[in-house]
Amino acid sequence: MLQLKSEQYPVCSLDSGGFKPEPAVFVVFGATGDLSHRKIFPALFDLFLGGILPEDLLMVGFARKDLDHKKFREGLRQGCASFARAAAFDEEQWKRFSSRVYYLRSDLEDSRGYVRLADVLAGRENGFFKAIDAIPKNILFYLAVGPEHFGTISDRLGEAGLGSRRDRGGQRAAPGVKSAPRQGWRRLVVEKPYGRDGESAKELTAVLQRSFAERDIYRIDHYLGKETVQNLLYLRFANSVFEPIWNRHHIEAIDISVFETVGIGDRGGYYDSAGAARDMLQNHLIQLMCLTTMEPPASLDPENIHNEKVKVLQSIAPYSPASLLARALRGQYVRGVDAEGRSLPGYREETRVKPDSSTETYVALTLELDNWRFAGVPIRLRTGKAFASKFSQIVIHFKKPPAALFTAQCGESLINNTLTIQIQPNEGVWLRFNAKIPGMSAIKANELRFSFKEVSEYLPEAYERLIADALAGDSTLFIRADESQQAWRIVDTLEAAWAKADPGAPPAKGGLLFYPAGSPIPEIGS
């Protein structure tokens, strides 16, 4: 029998759309921080090793520590050696990469640092870029800093003539400041959290748009950079076995879950004012819901995809506080033990957490879309910390066949077909189906499994993909302002309902459900 292997199938490349990383100066604010050392520069190094970065890309770290180029590079070397994906650290490659890395010392509030940055980028400071023939005109600004600095940095960039709106009715350079030549693009990448609620997010957007056009603002959600998340559109719209049945006629429910084994660690200062709904539900889970349920876009153009995601969020009717409480559940972990029997602290025992905190570390919320495709299908979003298992997945539950033949005889023993899209760990797709047991008149559930790691040795880290896309001008995997606002509309209503509820009330009425750290993943609806 002839067996076709996957490498024998033709490949349809979608790279003809013109999205390619372009030569640029990559400026990282907060360049000496943990995010830069663990994620951003290791991702840049991996992209360099993979030949994806443009040859003439320059990287500039902007931070307040008293460092020179050499000391800054030495610090980055340790981070790249520890966190880059490369199997072995190559000193020669590192020398080539780091020779294009530079450092500018300045306080984030000091406008003089931005004036100097403008001079550096325009080539007016001789000797800053050594042995560089030409400075790229494109500039990508990456804000790897706390959210309290986002607006300040954006405004300072605009005042220095470095924003993208400088000749489109936005801010111009302040008097006496020489602006950079009007060539090339300017883009701003913003990390989460993007606002604490809908109003603060709206205000932040207005501030950023003073200096940057909306199309030049890239709100990052690292979940969207994961390979399996990107595969959602391909899986849905490139396969006739799935596309016709991706609707209320065939789907019974959708579960989207993100669970972690760790607690909040040293993030108590941030987390106690945020909670699981603001930290995970508002961005990661709602974005996954949009990609899972959106209508096919008119094309793969980023704006068309964003438009369809916004339509999903607009189709969620405004729930009353009582209705939302009935659809939601919040919990908080208390002292427990892990799988090895080691003691785990409770949430209120964590550093910088109020001893009487009612902040949720677990949230479950059931939503429904008031649209033609998914009306009546419950979409159950769940996320939590300090559980026994760590995974992120989307599970599509298909309806059972009519109550005849096997369904009539087997009842609950006949398992629903499910399609599981595993985001982490072990990225892949699992299809559960029913089949006859050999030699018996009996039915048992089986699984077809596809693993990305089995078909490709190259599985890029999320930040690699997102950085490459930002350099290419592809905003598909980033979040547009109206998407953020619509997501906050849902979470704001939930937070307001919880704020009025008694934390000691029954969980069904908005009270806190306490669970021991290390608990098994709760059943759906509990």
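Predicted model: local features only at pLDDT ≥ 70, side-chain atom pairs only at ≥ 80, totals over all residues.
Visitor: Is helix α14 largely enclosed by the rest of the structure or exposed, and how many of its residues are buried?

Guide: Helix α14 spans residues 462-472. Its buried residues include Ala462, Tyr463, Leu466 and Ala472.

Visitor: Which elements do the buried residues of α14 pack against?

Guide: Among the buried residues are Ile467, Ala468 and Leu471. The packing partners comprise one helix, α1 (34-49), together with strands listed here by name: β1 (25-29), β4 (139-143), β5 (186-190) and β6 (217-219).

Visitor: Which residue caps the N-terminal end of α14?

Guide: The cap involves the backbone nitrogen of Tyr463, which has a side-chain oxygen 2.7 Å away. That oxygen belongs to Glu461.

Visitor: What is the phi of the residue that follows α14?

Guide: The residue after the helix is Gly473. Its phi is positive, with a value near 85°.

Visitor: Is Asp469 buried or exposed, and what is its relative accessibility?

Guide: Asp469 is found in helix α14. Leaving aside neighbours within four places in sequence, Asp469 is in contact with Asp474, Leu477 and Phe478. Buried means under 20% relative accessible area. Asp469 therefore counts as buried, its relative accessibility being 8%.

Visitor: How many residues apart in sequence are the parts tied together by Tyr102 and Phe128?

Guide: The aromatic pair of Tyr102 and Phe128 is tilted, at 5.9 Å centre to centre and 35° between the planes. Tyr102 lies in strand β3 (residues 101-105) and Phe128 in the loop between α4 (111-121) and β4, so the pair ties together parts whose separation in sequence is 26 residues.

Visitor: Which class describes the pair of Phe242 and Trp246?

Guide: Phe242 and Trp246 are both buried. Planes over 60 degrees apart count as edge-to-face. The ring centres of Phe242 and Trp246 are 6.5 Å apart and the planes stand at 80°, so the class is edge-to-face.

Visitor: Which residues do ring pairs link into a cluster?

Guide: The count of aromatic pairs comes to 30. Ring pairs link these residues into a cluster: Phe259, Tyr271, Tyr333, Tyr347, Tyr362, Phe387, Phe391 and Tyr515.

Visitor: Over which rings do Arg187 and Arg248 lie?

Guide: The charged end of Arg187 is 3.7 Å from the centre of the ring it sits over, that of Trp185. Arg248 is placed 4.6 Å from a ring centre, over the face of Trp372.

Terms used:
Residues numbered from 1 in each chain as written. Heavy atoms only, no water. Buried < 20%, exposed > 50% of the residue type's maximum accessible area, 1.4 Å probe, protein only. Helix = DSSP H or I, 4+ residues; strand = E, 2+ residues; numbered from the N terminus. Contact = heavy atoms within 4.5 Å. Polar contact = N/O pair within 3.5 Å; in protein donor to acceptor, adjacent residues only side chain to side chain. Phe/Tyr/Trp six-rings, centres within 6.5 Å; stacked < 30°, edge-to-face > 60°. Lys NZ or Arg CZ within 6 Å of the ring centre and 35° of its normal.
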